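Here is a short tour of some charged pairs and of a ligand site. Keep the viewer open as you read.

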Amino acid sequence: MTEAIQGNWLDAIPAAVFLIQDRRVVFANRAAADLIGCPQGELAGVAVDDLLDDAAALDTEHSHAHLKGRAGSLPVALTTSAIEHESQPAQLVTALQRDPSELYHDAIEGSLDSFYLVKVQRDADGVVVGVVVVDASERGVQQAQLTRDRLIGLSITDLYPNLPPSALIEGFAQAFNTRQPYNSELFLADRVVKDGWYHVQLIPLEDDHIAVFLRDISERKESESMVQRLASEVEQQARLLDEVLSATPDAFILFDRAGHYLYTNRKGLELSGLTAAQVTGKTWRELGFPEETGLIFEQRLAHVFASGESITYEEQFPTLTGLRDFLTTLTPIHDKDGNVIFMLNTIHDITERKQAELEQQKLAAELEQQMRVFDEVLSTTPDTFLMFDRENRFVYASPSALRNTDLKPKLVVGKTWRELGFPQENGEQADEKVRQVFATGETVLFEESFPTVQGLRQFESIFSPLHDKDGQVVAVVITNRDITERKQIEEALRESEKLLSSIYQTALAGIAVVDVEGNYVQVNHTYAAIYGYTPAEMIGKNFTMILPPDQYKRGRISHTRVLAGETSDYVGEWRVVRRDGQEVEVVSYNNLLIRENGERFRVAVVLDVTAQKQAQGALEASEKRLTSILNSMEDGVWSVQVEKRQLLYANSAVETITGYSTADFNAAPNLLLDIVHPDDQQRFIDQVNQALAHERIDTEYRILRRDGETRWVHNRFWLASEQRIDGIMSDVTDRRHVAQQTMQLAIERERVRILSNFVRDASHEFRTPLSVINTRLYLLEKVSDPRRQAEYIEGIKEQAERILKLVESLITMSRLDSLTRLHFERIDINRVLSAITVNAEAAAARSGIAFTRDLSHETLYMQGDLNELTTAFNAIFDNALSYTARDGQIDLRTYRLNDREIAVDVRDTGVGISGAELTHIFERFYRVDTARSVRGFGLGLPIARKIVEMHHGRIEVESKLGVGSVFRLVFPADKLPRDLRNPPSVP
Ligand code: ADP
């Protein structure tokens, strides 16, 4: 296409052709230039708006438009087709010039209106008097319902015979006279057009011609009138609604989304105190309502609009008649698409209801209160209360009445027995009695027994009428009383009376009633039998009949005193004489009996205690026997009340063993502990505590007798009853001596063995230096060179010193061997080591060995012998120094190993000891490498170990060849001294 355009072959085409791109002319052919009347070259680049009157014509395929020609507007028919020019969308437009008459034709025929061309007729004065049809469009002809021939030349007035001519002509005249288009809407009927509303447009033309356009507007008119009718109907309905809404006591307010008051009924206006005109179209803000309520309302409004759900709430606000309560409902009003468009606010005055409710609540609360008091009162009695109405329904049930059921007092009200599921017969019986009381107005009382959770129980039921103020029975109250206990007591009383009389007759005790004179009024069988009589033989006789003569006086005095009410003589032991002359012992319990008439009697209850007395005697005898056995024992038997620190019993052997008498023990409650040797005391206290914890103790300890002698006792004791310890002790001093001697002998034997071994080993040690000395002495004698002599003497001295050292070690060793006990004192190991290490540190410094100390911050107390400990530690330090090379290191550390032990670590970076050697290094005279350890004798470690062990401690060694060794000395930590002023509660 582009080449074609460039070839200008389009210029040969008679029709005007434009190529348009981006609403601008890209190319126009010669015909186009001719049509517009400008040089062809000037057209390129011209905008379509400058080319066409109506550029929109290019949007359709075929259109009519006007080209803007040099000589004026040219009507053209356009054909537009979309093409692609240089890969861009473009339009190819062909324009064909149109004939004006064709134009006119197109215009009127294309119009939707009916068209008529008319000519006005004028009189001599130029006044329009008639209108004649000159031409008509096809639609116009049809509209007139005439043939074209008949229509042309017809006068308008003929066309509408029913209309007055003036009315018809008036519009034409006006258009003609004013030279302005005339518009009117009118209803036309008959003939020319079909009946209906028409829009008529009269446009004045040249030469008395007028163009008439007629448009059927019946439909529009119809809908308009419909709208009008509807509007009036709506208005009618709105008025009706308003009337209805205004007649209700509730307020109705309609809001739009923005919260404008659209409608408010009379009540609503009344509440606001404003007129409809004042509120309509306003928001609460514009009406000046308070902010706080307004904002809440706005939120609610937003909620209703958003959710489409109504809300109801109660509110209170001031009105002209004071503060009132309202129930407000916000209801969304939807359009037909379901959108919320309005919101209806219904405000219902509930002040009265609220007050009534409040009143009711108050009453209910009062009633509830009363009921509670009632319930409370009733629940304090074991009795149960039920109340029934005429229909046998529960009116009230006390809490206790329902105790054995799972029913609640409130829930039974209004129900019958049957409805509550009680057994048929029980309910029926009760109902029957209720009916009876309602009928007779009289109380019914009866007893019955029925099973309960506590077994069969007896009840007393009282059905009594409850009258109203007019004396009518309104309810029946049933009181149920559990009388099981009462019945039981009654029964028991009857029983006991029976029992009493039978006791009286058959009792083991003798019972007699004696009058003031001392005469028997009543005597039971037992009483008589005690004295060998029958009751009949005694009644009427004086009580002195049973007394031996020497008791007469005492008997009379006692008798008088009892009658005088002196209680001192109520109980007494009496020697009496039986009928057969045998004397027996009795205990007499006397009581004063005063009859209603004031008569006084003495009631005597008498027990024959002869047998008892005899038994008691036997018991005493056996007790005496027991005591004498205990006292004849060699073992000490003791019994102690621990808490009260009281010796309950100690036999005479305890006295013999301890040297202290029972009186001493009683005077000093703690004596049994105090006599324990101080060294054994703590152990004894611990054992007493163990005994209190139900352990049987078998122990031996030393006591210090009263005469100062120390004795060993064996004591075996146990908890006999709560806080009471019983024990048996014996003196085992002699036995202990024998045992000790045996032990001593064994030890001695061992010592001898060790010593002989020692002597053997030691002599070997002496041999080496002595032989060296011998050789040197020999050489000394031989040489005369003073320098050599001095050398030999020096060598001899050295060996002598070595012997001296060996002797010292041996002495230490043997001393330790023969020692049984060290002199312990409480020492702080940190302080001891601080002193000892001074020498070691100096030696280390001389040998170029670093020495560090890390002593625990805590003071570490132990029981120790300062001298011996010094020896032991020096041995360890000596070794560390000896077996550690220059530039090595020795670290001393003390610390608490656990709550019972403390430890001292001596660590070195020396040669170390192999695992095999470790087992031997504590043996006497043992040296790992004799060649290397010429300095020592293999006695340092044995001595150190001996000392540590004598301190009840131990030495541990960890070592690695070539790395170093740690010697750990562990000692028992010293506890704080026991405060003996506050010993535990032990006798
Ligand atoms: P000596 O007087 O020969 O040192 P000891 O009884 O003190 O005798 O020691 C016995 C042996 O244990 C020593 O000969 C030595 O071989 C070894 N020994 C002791 N302490 C150390 C140590 N700190 N490092 C290496 N070896 C040691």
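## Salt bridges

At 32% relative accessibility, Arg-826 counts as partly exposed, a class running between buried (under 20% relative accessible area) and exposed (over 50%), with a 1.4 Å probe and protein chains only. The model is predicted, so local features need pLDDT of at least 70 and side-chain atom pairs pLDDT 80 or more, while totals for chains, interfaces and linings use all residues. Residues are numbered from 1 along each chain as its sequence is written, and side-chain values use heavy atoms, leaving out hydrogens and water.

Arg-826 forms a salt bridge (a side-chain nitrogen of Lys or Arg within 4 Å of a carboxyl oxygen of Asp or Glu) with Asp-974, the closest N and O atoms being 2.8 Å apart. Arg-826 sits in strand β31 and Asp-974 in the segment after β37, 148 residues apart; strands are DSSP runs of E, at least two residues, and helices runs of H or I, at least four, numbered from the N terminus. In the whole structure, a search finds 45 salt bridges.

## The ligand site

The ligand is surrounded by 21 residues, the closest being Asn-879, Tyr-883, Asp-908, Val-928 and Leu-941; a residue is near when one of its heavy atoms lies within 4 Å. Helix α30 gives the largest share of this shell, three residues.

For polar contacts (N or O atoms within 3.5 Å), look at Tyr-883, with a side-chain N or O atom 3.0 Å from a ligand oxygen. A backbone N or O atom of Leu-941 is also 3.0 Å from an oxygen of the ligand.

Notes
Polar contact = N/O pair within 3.5 Å; in protein donor to acceptor, adjacent residues only side chain to side chain.
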